[in-house]
Amino acid sequence: MTTRVLSSQEQDAILEAAQLLRQGEVVVFPTETVYGLGANALREDAVKKIFAAKGRPADNPLIAHIAAPEQAHLLVADWPPVAQALSDAFWPGPLTLILPKKDCVPSMTTGGMDTVAVRCPAHPVARALIQAAGFPIAAPSANLSGRPSPTTADDCLADLDGRVPLILDGGPSIIGLESTVVDLTGEAPTVLRPGGISPEDIARVAGDARLDAAVLSPLGKNQPVRSPGMKYRHYAPRAHVTLLDGPGAAHALARRVSQARTEGETAFVLYSGQAPQDVPHTLCMDGEAPYSALYTALRRADRLGADHIFALLPGQEGVALAARNRLLRAAAFEVIWEAMP
Ligand code: TXA
Ligand code: MG
């Protein structure tokens, strides 16, 4: 299959993409978080193609995207007041809500679960595409399974060339990290995946918010899996990632990199904020906002042939929590404590 890349600003580009979706095909489209690989969320045969194109395990459920908050009722069987409050506060935007699904949502979309993940994205191209298609669009991030999420059309092409008919190019994603996923089916709203909207933001609106244990620690052997995505090694560059924490961490970056380089490794420091001093081999994780270029930097590391990446363990406040979660996974939870220099 040949993959075409069309600028979303080109005349009829969105209509053409919508036409493909109506024919049961998959299409890559931009959102404000990361690019999505979309298909008709209500058609099993169409959704199946997403899993095939990505090489995604069939038990990992997809997010269904809607064009306007009112369309949630197309998918959701029970819409509690807390869902209304959160959608009023954060939709359109980088928030995904998990709620009981309606029968019309095929279990292929939800990875066999009886809940559905719903998000109303803020990106005008995403919303126009859903509107033009006329149905909710199921879409995971448009990367090959296990690779960092794509934040440009080029990233999508690098992973999916020949596997999808069309990529709609809407420019770089502004947020650069996936949406915050909040489960509303339990006792209290529970953040399954942190993103641009922090647990503090959720608690402010919902009155309460918990953080699922799997966000910051590896899943134990017999621990229940609330979000299947957490089972898989994720957000991974090809290089080995090591995180440094503790009072001596910033100071240790230069030493760790030069030591690795002496041992023959192509090593880099990944940083946010100020560039670390005395390290020539750095990759910045900041675009328009802190950590918004995290995946761009990881993909760049791959292209530069990096064997080893060192980074400071991000904090737990605001969007840093999302970066902490992604980097912990990329590092397979390897964190080295650096005592006082
Ligand atoms: O920002 C985003 O959320 C992007 C854009 C394209 O919208 N999408 C995205 O999708 O990141 P994906 O498939 O890469 O991640 C969806 C996550 C997975 O970890 C999945 O396990 C979880 O949401 N998820 C989806 N449906 C779920 C459900 N019913 N219950 C629990 N977790 C669910
Ligand atoms: Mg993904």
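Student: At roughly what angle do the axes of helix H1 and helix H4 cross?

Tutor: Axes are lines fitted to C-alpha atoms, for helices over the stretch in contact, and angles run from 0 to 180 degrees between N-to-C directions. Helices (H or I, at least four residues) and strands (E, at least two) are DSSP runs, numbered from the N terminus. In this predicted model, local features need pLDDT of at least 70, side-chain atom pairs count only at pLDDT 80 or more, and totals for chains, interfaces and linings use all residues. Residues are numbered from 1 along each chain as its sequence is written, and side-chain values use heavy atoms, with hydrogens and water left out. Here the axes of H1 (residues 13-22) and H4 (residues 124-133) cross at roughly 50° and come within 9 Å.

Student: What word describes how H1 and H4 lie to each other?

Tutor: Angles under 35 degrees count as roughly parallel, over 145 as roughly antiparallel, 65 to 115 as roughly perpendicular and the rest as oblique. H1 and H4 are therefore oblique.

Student: Which residues make the contact between H1 and H4?

Tutor: Contact means heavy atoms within 4.5 Å. H1 brings Ile-14, Leu-15, Ala-17, Ala-18, Leu-21 and Arg-22, and H4 brings Val-125, Ala-128, Leu-129, Ala-132 and Ala-133. For classes, Ala, Val, Leu, Ile, Met, Phe, Trp, Tyr, Cys and Pro count as nonpolar, Asp, Glu, Lys and Arg as charged, and the others, Gly among them, as polar. The contact of H1 with H4 has 10 nonpolar, no polar and one charged residues.

Student: At what angle do helix H3 and helix H6 pack?

Tutor: H3 (residues 81-90) and H6 (residues 199-206) pack at about 125°, with their axes 9 Å apart. That angle makes H3 oblique to H6. Val-82, Ala-85, Leu-86, Ala-89 and Phe-90 of H3 meet Asp-201, Ile-202, Val-205 and Ala-206 of H6. By class, the residues of this contact are eight nonpolar, no polar and one charged.

Student: Where is Pro-92 found?

Tutor: Pro-92 is in the loop between H3 and strand S5 (95-100). A cis peptide bond joins Trp-91 to Pro-92, with omega about -10°.

Terms used:
Chains are lettered from A and ligands numbered from 1 in the order in which they are written.
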